[in-house]
Every structure is written in structure tokens, then in C-alpha cells.
Amino acid sequence: MIRYLTAGESHGEALIGIVEGMPAHIPLAPADINEHLARRWLGYGRGGRSKIENDKVHIYSGIRFEKTLGSPIAMRIDNGAYKKDKAGWPQKMAIEGDGEGVEPVTLPRPGHADLAGMQKYNFDDMRPVIDRSSARETAMRVACCSVARALLRRLGIEVGSHVTRIGEVGWDGPDAWYDRVELLIEGDGSARAVYEQADDSATRMLDDAMTERCIEHIEEAKANRDSLGGTYEVIATGVPPGLGSYVHWDRRLDGRLAQAICSIQAQKAAEIGDGVRSAGRPGSKVHDPILPGEGDEYPRRTNRAGGLEGGTTNGMPIVVRGYMKPIPTLIKPLDSVDTATGEAQPTRYERSDITSVPAASTVAEATVAWTLAEALLEKYGGDTFDDLKAHIEHDRAARGQ
Ligand SMILES: Cc1cc2nc3c(=O)[nH]c(=O)nc-3n(C[C@H](O)[C@H](O)[C@H](O)COP(=O)(O)O)c2cc1C
Ligand SMILES: C=C(O[C@@H]1CC(C(=O)O)=C[C@@H](OP(=O)(O)O)[C@H]1O)C(=O)O
């Protein structure tokens with residue numbers, strides 16, 4: 001079993017993470033994690049905080065001479081805003097003292113966690129809710145999941161993503177989006193080629209004309225003092241068949257991948273393959289015909305199922321789509337109520353992203369990678385990387401591959 005924990009407030013001193021249960025001897029250097037931390041800041045439409053943070057991981061344990069030890073990996077990422085913002089975070093987020101003189105925040109933003117969090121934990125100041133519900137936490141999530149990505153890469157499994165819609169400008173894909181992706185990307189057709197090409201676009205899209213239209217659309221939203229959501233597609237290539245299972249609800253990998261997406265702040269739906277469109281189509285236009293192959297490898301003419309049937313991988317690339325709602329902090333005020341007075345009052349704006357769909361797509365890559373690594377280790381296991389690899393190779397040979 002692998003697991004990870006994150007801790008930290010958005011405007012506190014730092015984020016902390018612990019990854020536990022990874023096999024020993026996985027090659028891993030801080031650069032393997034920092035690459036994805038930098039990618040998380042990609043994308044047109046992010047706000048003032050993007051100019052403050054320079055995320056780099058500090059590793060305290062679990063790695064020696066650039067290899068995992070099998071022991072817990074402890075990590076820290078500093079919050080640049082803690083010292084660089086003029087807001088006085090060391091006082092506002094102080095561990096000691098009684099907070100005297102710190103003004104409470106009492107005007108909840110519709111769509112953020114503010115009100116629900118105050119109701120749940122009985123706060124009269126929503127600062128703790130703002131700070132822990134913030135997607136700042138995803139920096140440490142990406143760091144933790146990057147350990148899983150390093151493991152997958154050594155086994156030929158790549159995870160990548162690209163943005164398919166921001167607000168009204170989007171890619172209403174043809175029947176099998178993955179086929180279209182294959183045509184759009186250069187290189188070896190792996191999910192790594194997908195993410196590397198997407199990273200070259202300001203909106204992480206694979207289509208240059210759409211990138212331009214999206215940039216204009218984000219500018220329009222900004223001028224209208226509004227915010228935007230969108231959609232993206234996460235793809236994993238090189239995934240062996242047989243991960244997950246149909247035998248029990250909590251072993252189904254489709255459900256676990258949906259949780260991986262919806263666990264990310266502001267992600268409101270996850271779709272496996274062409275799931276949403278499939279619901280309105282006859283079976284003959286949905287199910288992927290099975291073709292003869294080598295051993296027990298059976299290629300498919302299409303991949304509308306997104307590589308999953310019966311909650312189990314079928315050897316085709318995994319395709320999972322995420323749907324993000326618009327950012328809740330708008331420059332344009334929304335109706336709200338001051339919880340200190342009970343009086344109606346419009347929301348206030350300090351700073352925020354206009355859209356964070358490109359960033360969310362990179363976080364989704366990370367959480368999908370973690371879920372796949374978890375399923376891989378469940379099936380094949382191993383205390384060391386070489387054990388795990390040998391188990392996978394033995395299985396491949398047994399299946400005539
Ligand atoms: C990468 C990323 C960046 C975000 N940036 C902001 C932001 O700048 N302002 C904001 O109000 N919400 C932002 N959000 C969304 C909030 O974190 C999210 O709406 C909030 O935690 C409430 O959770 P829920 O939307 O899942 O209900 C961001 C989300 C992600 C994934
Ligand atoms: C800090 C990050 O994203 C933040 C997520 C976020 C929110 O409410 O979710 C609000 C903003 O923070 P602030 O209010 O300090 O400007 C974003 O910048 C990050 O992605 O690292």
C-alpha cells in the first residue's frame with residue numbers, strides 16, 4: 001500500500017508532505033519533482049501569486065544518493081507569499097499568541113469553501129478555511145505524486161494532459177478524441193509527448209489557433225471582471241492490462257480515477273473515455289471493436305472506453321477528462337452576507353486567478369499517476385524496484401508478450 005499526506009496553509013510558512021510505501025531503489029532526484037512543480041505554474045490567466053512563488057522541493061528523508069530507500073519520503077515547499085506579501089502573514093498565521101489585533105475575515109465568497117468551512121468547524125473567522133481549502137495545497141500534492149510518476153516512467157508508463165476548453169472556447173472533439181490527439185502530437189505518441197507539446201502552448205492546448213482564441217477569451221473575461229472554468233484530458237500510455245478489478249466496488253479503477261480528479265479543488269466532474277457522449281449514442285457507435293493481436297494483446301479500432309472496461313485496464317491508453325468550474329473569487333462582486341453582522345454585503349476582491357484550467361490539468365496528471373501507481377503496486381507488489389519490474393516482466397511473458 002502506498003499513501004501520502006499533505007499539510008500546510010496557503011499563507012503559512014510552508015507546505016509539508018510525506019510519501020509512504022514506495023519500493024526501494026527507484027531513481028529519484030529533486031529535479032524530477034521540481035520539473036512538475038514548475039509545470040503547475042504554466043498557463044495564461046493566473047493571478048498575482050504566480051509572480052511570487054518559485055516552488056522547489058526540499059527533501060528531508062527517504063532518499064539517498066538519488067534513490068528511494070523504502071522509508072517515508074518527507075518534503076517541504078516554502079510559501080514565498082509568507083514573507084514576500086505585504087499582508088503580514090507571519091502575524092496573521094502565527095502559531096503562538098491569541099491573535100489579538102488580527103481582523104477576522106467574515107465575508108464568504110459564493111463557490112469557495114468559506115461558508116461551508118465556517119459552518120463545519122464553527123469558526124467566526126474564515127481565514128483558516130481560506131488557507132487550507134486553497135489549491136495552494138496542490139503544489140505539495142504534485143510533489144508527492146511526482147514520486148509515483150518517477151516510478152511509472154522507469155516502467156515505460158507515461159501520464160500527460162492537454163486542455164480542451166476554457167470557458168466558451170473549446171474542442172468539441174470528434175467521436176474518439178484520443179485518435180485526434182494522436183494526429184495532433186509529434187514524437188513517439190506517448191503521453192509524455194502530449195504533455196511536452198501542450199506545455200509549449202500558453203493555455204496547454206494542442207491547437208495553436210485555439211490557444212490564440214482562448215487568450216482573447218481570458219482577456220475578455222478579465223475585462224468583464226469575471227472568471228472561467230474549462231475541461232482537459234489526462235492520458236496514460238504504456239499501462240498494462242489488468243490493473244483495478246470488476247470484483248468489488250472499491251477496486252474499480254474507473255471510480256478511483258474519478259475520485260483522483262474530483263479530489264482536486266474546483267473539479268466538478270470526471271469522465272472516463274467518451275463517457276458523457278456515450279450516454280446518448282447506440283452501443284454500435286460506442287463499444288470498441290476487438291482486433292487480433294499478439295499473445296493476449298488485443299488492439300482496439302477505437303478507444304472510446306478510455307482504456308477501462310469493468311473497472312479494469314484493457315491495455316489501451318487511459319483517457320480521463322476533468323471538468324473545472326470557474327474560479328470563485330471574481331473581480332465583479334457577488335451577493336453575500338457578512339457573517340459577523342448578518343447584513344447583506346457584496347464580496348470584496350483582493351487577487352485571484354481568472355482561470356486555472358492549465359494548472360488544474362497538470363495537477364490531474366499527478367493524481368492520475370498516483371492512482372495508477374497504487375493499482376500497479378497492488379497487482380505486482382515488491383519491496384524493491386527490481387522486484388516490481390521482475391513481477392511485471394514475468395506477467396508479460398506469461399501472457400505471451
Ligand atoms: C490550480 C487551482 C488554482 C485555483 N486558484 C484559485 C484562485 O486564484 N481563486 C479562487 O477563488 N479559487 C481558486 N481555485 C479554486 C478553489 O480552490 C476552489 O474553488 C475552492 O477550494 C472550493 O472548492 P470546490 O470548488 O471544490 O468547492 C483554484 C483551483 C485550482 C485547482
Ligand atoms: C497559491 C496557489 O494558488 C492559489 C489558489 C487559490 C485558491 O483559493 O484556491 C487562491 C490564490 O491564492 P492567493 O489568494 O494567495 O492569491 C491562488 O494563487 C498555487 O496554485 O500555488
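How many bridges join strand 2 to strand 6, and do the two run parallel or antiparallel?

Modeller: This is a predicted model, in which local features need pLDDT of at least 70 and side-chain atom pairs count only at pLDDT 80 or more, while totals for chains, interfaces and linings use all residues. Residues are numbered from 1 along each chain as its sequence is written, and chains are lettered from A and ligands numbered from 1 in the order in which they are written.

Strand 2 (residues 14–20) and strand 6 (residues 73–78) run antiparallel and are joined by six bridges. Helices (H or I, at least four residues) and strands (E, at least two) are DSSP runs, numbered from the N terminus; strands pair if DSSP finds at least two bridges between them. Within this pair, Val19 stands opposite Ile73 of strand 6.

Both strands belong to an open sheet of four strands, ordered 1-2-6-3 with antiparallel pairing. Strand 1 (3–7) and strand 3 (58–59) stand at the edges with a single partner strand each, so one side of each has no neighbour in the sheet.

Helix 6 lies across strand 1, strand 2 and strand 6, at about 25° to strand 2. Angles run from 0 to 180 degrees between N-to-C directions, with axes fitted to C-alpha atoms, for helices over the stretch in contact. Helix 6 (residues 137–154) also meets helix 12: their axes come within 8 Å and cross at roughly 50°. Residues making this contact include Thr138, Arg141 and Leu152 of helix 6 and Thr362, Trp370 and Ala373 of helix 12, contact meaning C-beta atoms, placed from the backbone, within 7 Å.

Conventions:
Contact = placed C-beta atoms within 7 Å.
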